[in-house]
Amino acid sequence: MKKVTGRPEDMTGRTAAEIRTYDLLDQLSIPYERVDHAPAMTMEDCGAVDAALGVSMCKNLFLCNRQQTKFYLLMMPGEKPFKTKELSHQLGIARLSFAPENFLLEYLDIHPGSVSVMGLMNDGENHVQLLIDSDLLQMAYTGCHPCVNTSSLRIRTKDLLEVFLPAVHHTPIPVTLTGEG
């Protein structure tokens with residue numbers, strides 16, 4: 001696994017969503033480093049990716065309320081356990097659960113295992129609220145997928161917060177998760 005700077009030279013076999021990610025990052029002049037790898041479906045699969053990029057990939061969870069009327073993308077450190085009750089309490093929502101795949105495809109144009117903050121570029125109507133664990137806000141770099149789980153990116157957190165998110169019209173809500181119930 002070799003780390004490179006910027007988009008792939010050959011786009012053969014790349015998905016449209018992945019190419020749109022590189023196009024937007026380049027348009028916004030956001031520098032990034034990238035590695036290509038076997039599909040990384042779980043946080044455990046990301047160990048070699050973390051080592052190659054020099055940053056821990058963040059855990060991205062696509063959640064919704066019981067009525068499936070409010071949707072959330074939660075970014076949190078990969079090693080931190082997720083406790084639904086803890087986040088539900090902070091948001092004042094009775095019950096959060098994982099959102100059905102059809103909403104993930106409809107709103108973010110990504111598949112399970114590829115969930116990423118980059119998918120917000122596809123949410124032009126702001127159906128999804130971004131939640132970011134406060135620990136991630138302290139990190140210099142963020143690790144994420146470019147809407148596909150066969151590549152991973154290392155981006156400065158400052159660029160994510162100050163350039164990417166304003167460009168895609170999403171304002172994150174910071175949350176503080178301890179991983180305790």
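Which exposed residues does the face of helix 6 turned away from its buried side carry? I found Lys-158 and Glu-162 there.

A note on the source: this is a predicted model, in which local features need pLDDT of at least 70, side-chain atom pairs count only at pLDDT 80 or more, and totals for chains, interfaces and linings use all residues. Residues are numbered from 1 along each chain as its sequence is written, and side-chain values use heavy atoms, leaving out hydrogens and water.

My terms: buried is under 20% relative accessible area, exposed is over 50%, and partly exposed lies in between (1.4 Å probe, protein chains only). Helices (H or I, at least four residues) and strands (E, at least two) are DSSP runs, numbered from the N terminus.

**Helix 6**

I listed the buried residues of helix 6 (residues 157-167): Thr-157, Asp-159, Leu-160, Phe-164 and Leu-165. Viewed down the helix axis, they fall within an arc of 145 degrees, so they line one face; the arc is taken from the directions from the axis to the C-beta atoms. Among the elements covering them I noted helix 1 (16-27), strand 4 (71-77) and strand 8 (151-156), where contact means heavy atoms within 4.5 Å.

**Positive phi**

Just after helix 6, His-169 has a phi of about 60 degrees. Ser-29, in the loop between helix 1 and strand 2 (32-36), has a phi near 60 degrees and is exposed at 61% relative accessible area. Gln-68 has a phi of about 55 degrees; I found Gln-68 in the loop between strand 3 (58-65) and strand 4, partly exposed at 35%.
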